[in-house]
Amino acid sequence: MADKTDALLTDYYSGVIDTKILLRRAELQWRPDDDNAGIKSLNKHTRPLDDLIARYEADSILHDLVMQRDTIKRLELSWDDVTREVARMHYDRRDRLTWLVISLRMNLSERTCRTYQKAFKDSVTLGLSDLDIAV
């Protein structure tokens, strides 16, 4: 049964979260935010880079996406190589590997691979719930 953590990990390993971050940044970059369109102000300072950075920092959607990506990356680095590889193979939907193929590639039993994946998923769920990130 797939839940929100499975969907989040699938998005992370398939590259969807990185794509969403890039698209959100592009959307924020090209969004017109001129309140006085057509009116020239003498006292307005033009600092496009500062304004763009302020928009990035103020956007809650971008902030949540970056926090989710960084939290998964940090938790991923805390696990051993075998667990990371099993999780990557299972959640990366570009390859669409079955448990049988994963177990043969890792030279482990299917049950052991599922145990590694479950432990990794539980740690991600716990890590994201501690940070109050929507899972």
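A: We start with a count. Two rings pair if their centres lie within 6.5 Å. By this rule, this predicted model has four aromatic pairs.

Q: How are the rings of Tyr12 and Tyr13 arranged?
A: Look at the angle between the planes. Over 60 degrees counts as edge-to-face. The centres of the Tyr12 and Tyr13 rings are 5.0 Å apart and their planes are at 80 degrees, so this pair is edge-to-face.

Q: Are Tyr12 and Tyr13 buried or exposed?
A: Buried means under 20% relative accessible area. Tyr12 is buried, and Tyr13 is too.

Q: What kind of pair do Tyr13 and Phe120 form?
A: Planes under 30 degrees apart count as stacked, those over 60 as edge-to-face, and the rest as tilted. The Tyr13 and Phe120 planes are at 55 degrees, with ring centres 6.5 Å apart, so the pair is tilted.

Q: Which parts does the pair of Tyr13 and Phe120 tie together?
A: Find each residue's helix. Tyr13 lies in helix H1 (residues 4–14), while Phe120 lies in helix H7 (residues 110–130). The pair therefore ties together parts that are 107 residues apart in sequence. Both Tyr13 and Phe120 are buried.

Q: Which residues do the ring pairs link into a cluster?
A: Follow the pairs from ring to ring. They link Tyr12, Tyr13, Trp79, Tyr91 and Phe120.

Q: Where does Arg25 lie relative to Tyr56?
A: Here a charge meets a ring. Arg25 lies over the face of Tyr56, at 5.8 Å from the ring centre.

Q: How many helices and strands does the protein have?
A: Count each kind of element. The protein has seven helices and zero strands. Along the sequence, its pattern reads α-α-α-α-α-α-α.

Q: What share of the contacts joins residues at least 24 apart?
A: Set aside sequence neighbours. Among contacts between residues at least 6 apart in sequence, 73% join residues at least 24 apart.

Q: Why does Ser103 count as buried?
A: Compare its value with the cut-off, which is under 20%. Ser103 has a relative accessible area of 5%, so it is buried. Ser103 lies in helix H6 (residues 99–106).

Q: What does Ser103 touch?
A: Leave out residues up to four places away in sequence. Ser103 then touches Leu108, Ser109, Glu110 and Cys113.

Definitions and conventions: Residues numbered from 1 in each chain as written. Predicted model: local features only at pLDDT ≥ 70, side-chain atom pairs only at ≥ 80, totals over all residues. Heavy atoms only, no water. Phe/Tyr/Trp six-rings, centres within 6.5 Å; stacked < 30°, edge-to-face > 60°. Buried < 20%, exposed > 50% of the residue type's maximum accessible area, 1.4 Å probe, protein only. Helix = DSSP H or I, 4+ residues; strand = E, 2+ residues; numbered from the N terminus. Lys NZ or Arg CZ within 6 Å of the ring centre and 35° of its normal. Contact = heavy atoms within 4.5 Å.
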